[in-house]
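Visitor: I have a model open and would like to talk through how its pieces pack together. Can we start with how helices pass one another?

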Amino acid sequence: MKKYDLIIIGGGIAGLATAFNLAEKKFGKILILEKELFVGAGATAKCAGGIRAQFSSKVNIELSMKSIEVFENFEAITGEPALYDQVGYTFLLTDPKTVEPYLKAAELQKSLGLDIRILDAEELKELAPPVRTDDVIKATFCPRDGLGDPHEFLQGYFRACRRMGVDVLIETEATGIILSDGKITGVQTSKGLFEAPLVVNAAGPFAKPVAKMAGVDIPIEPYRRQIVTTGELDFLPDRMPMVVDVSSGLYCHKESAGLLMGWADRDVPPGFDQSQDPDYNDNILMKALDRIPQLETAEVANSWAGLYETTPDHHAIIGFAGEVTGLFIIGGFSGHGFMQAPGAGILAAEMIAGQKPSLDITRLSADRFVGGTIEDEVNVI
Ligand SMILES: Cc1cc2nc3c(=O)[nH]c(=O)nc-3n(C[C@H](O)[C@H](O)[C@H](O)COP(=O)(O)OP(=O)(O)OC[C@H]3O[C@@H](n4cnc5c(N)ncnc54)[C@H](O)[C@@H]3O)c2cc1C
């Protein structure tokens, strides 16, 4: 049996960002357990790569801003190069009902220091020429938002972690969390038992069953989400922001010389099924065709399905689970885990090391769902 100071269950972007920040603090012996063949094989591998701070809640805006600072300075921080392409994000508002809440959120974003611009249809057309704008009332745009390759950032964290002596076991599934008198003492895995007084649940869409291993119930549900990409498109400009059509829910951005398109079908029931539903893909294509009519001649290059890890209020959970001693949760990002993991990893490491977190994230505590009202995040894709 091997002894560690801390075991992280899940080698996705959240687990690796946490491990990196703890290793930087020389926290002690850290082990990451990953059940798949390689790190980053979970939701992180399915991610569209969008990074933004345009949210409606203060804590989501601040958490994303903290992350964006890391994306902007990733090489200086980790020693590993990775490109954050700040093409911006634009949210198209075509329904009068959505204008007020989005403009209100934009005011909050501005008050927190973000450069948010409110565009009319003509200005939007200049930014994203292929996009149909005849029904656009307003659009919000933030030039500091953008795109990153999740694989590149994850591998950067991974290499930095290895350099600093973090142990990583792939193809090793956590099957049980061992407790003694309400305190964590170790993790049972498919490759034997590992001792540790602290366990970080960074299992992404599998966070709920992993927490159950310690007798803890957390409201993180997996929802299937799909993406379709096209082949090369000669009508796309060199640079174009991520475009989000708030009314239809479609989002799209340039991917190589083509377009990546996604949409969250809210009628999909929770579950771990990651097989593709062809009707889902057709729906994405129809929404995209409606917003970008020139796609009529486009050819589908690729498509895939992955899982969002969603909480009832669409905010992450970052904090210790009160019911047992030694279980920390970082998850439930509700479709924003890539963009928020760098900041979340810093805050998780601070809390685990017993320091005051550098951002007030009491709003993201694991026990917030017990009684009381929960303010939902409006700006969810
Ligand atoms: C289609 C799609 C598009 C998305 N687009 C975006 C986007 O544009 N921007 C954005 O910010 N986010 C996006 N997301 C969300 C983002 O991908 C996730 O929020 C993020 O990757 C979560 O990271 P994670 O490390 O928490 O989870 P994961 O990457 O899933 O990592 C968890 C890891 O834990 C492992 N694991 C689980 N159970 C066990 C166990 N018992 N033992 C050992 N290992 C275990 C898994 O194999 C997995 O590798 C998207 C998600 C999907 C599905």
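Guide: A crossing counts as right-handed if the near helix is turned clockwise from the far one by less than a right angle, and as left-handed if the turn is anticlockwise. Please keep in mind that this is a predicted model. In it, helix 1 passes helix 10 in a right-handed crossing.

Visitor: At what angle do the axes of helix 1 and helix 10 cross?

Guide: They cross at roughly 40°, and the axes of helix 1 (residues 13–24) and helix 10 (residues 337–352) come within 8 Å. That angle makes helix 1 oblique to helix 10.

Visitor: Which residues in helix 1 and helix 10 meet?

Guide: On the helix 1 side they are Ile13, Ala14, Ala17, Thr18, Phe20, Asn21 and Leu22, while helix 10 brings Gly337, Phe338, Ala341, Pro342, Ala344, Gly345, Ile346, Ala348, Ala349 and Ile352. By type, this contact of helix 1 with helix 10 has 13 nonpolar residues, four polar and no charged.

Visitor: And helix 3, how does its axis cross helix 10?

Guide: The axes of helix 3 (residues 58–72) and helix 10 cross at roughly 95° and come within 7 Å. An angle from 65 to 115 degrees counts as roughly perpendicular, and helix 3 and helix 10 are therefore roughly perpendicular to each other. Helix 3 makes the contact through Leu63, Ser64, Lys66, Ser67, Val70 and Phe71, and helix 10 through Met339, Gln340, Ala341, Pro342, Gly343, Ala344 and Ile346. The residues of this contact of helix 3 with helix 10 comprise eight nonpolar, four polar and one charged.

Visitor: Switching to the ligand, how many residues surround it, and which are the closest?

Guide: The ligand is surrounded by 42 residues, of which the closest are Gly10, Gly12, Gly42, Gly204 and Gly337. Sorted by type, the shell around the ligand holds 20 nonpolar residues, 15 polar and seven charged.

Visitor: Which element gives the most to that shell?

Guide: Strand 19 does, with four residues. Helix 1, helix 2 (43–46), strand 15 (221–230), strand 19 (300–310) and helix 10 each supply at least two residues of the shell around the ligand.

Visitor: One last topic: which strands form a hairpin with two residues between them?

Guide: Strand 12 and strand 13 form that hairpin. Four bridges join strand 12 (residues 183–189) to strand 13, and the two run antiparallel, with Leu193 in strand 13 as the bridge partner of Gln188. Strand 13 (residues 192–195) also pairs with strand 1 (residues 2–3), in the parallel sense and over two bridges, where the bridge partner of Lys2 is Phe194.

How values were computed
Residues numbered from 1 in each chain as written. Predicted model: local features only at pLDDT ≥ 70, side-chain atom pairs only at ≥ 80, totals over all residues. Axes fitted to C-alpha atoms, helices over the stretch in contact; angles between N-to-C directions. Parallel < 35°, antiparallel > 145°, perpendicular 65-115°, else oblique. Contact = placed C-beta atoms within 7 Å. Nonpolar A, V, L, I, M, F, W, Y, C, P; charged D, E, K, R; others polar. Near = placed C-beta within 6 Å. Pairing = 2+ DSSP bridges.
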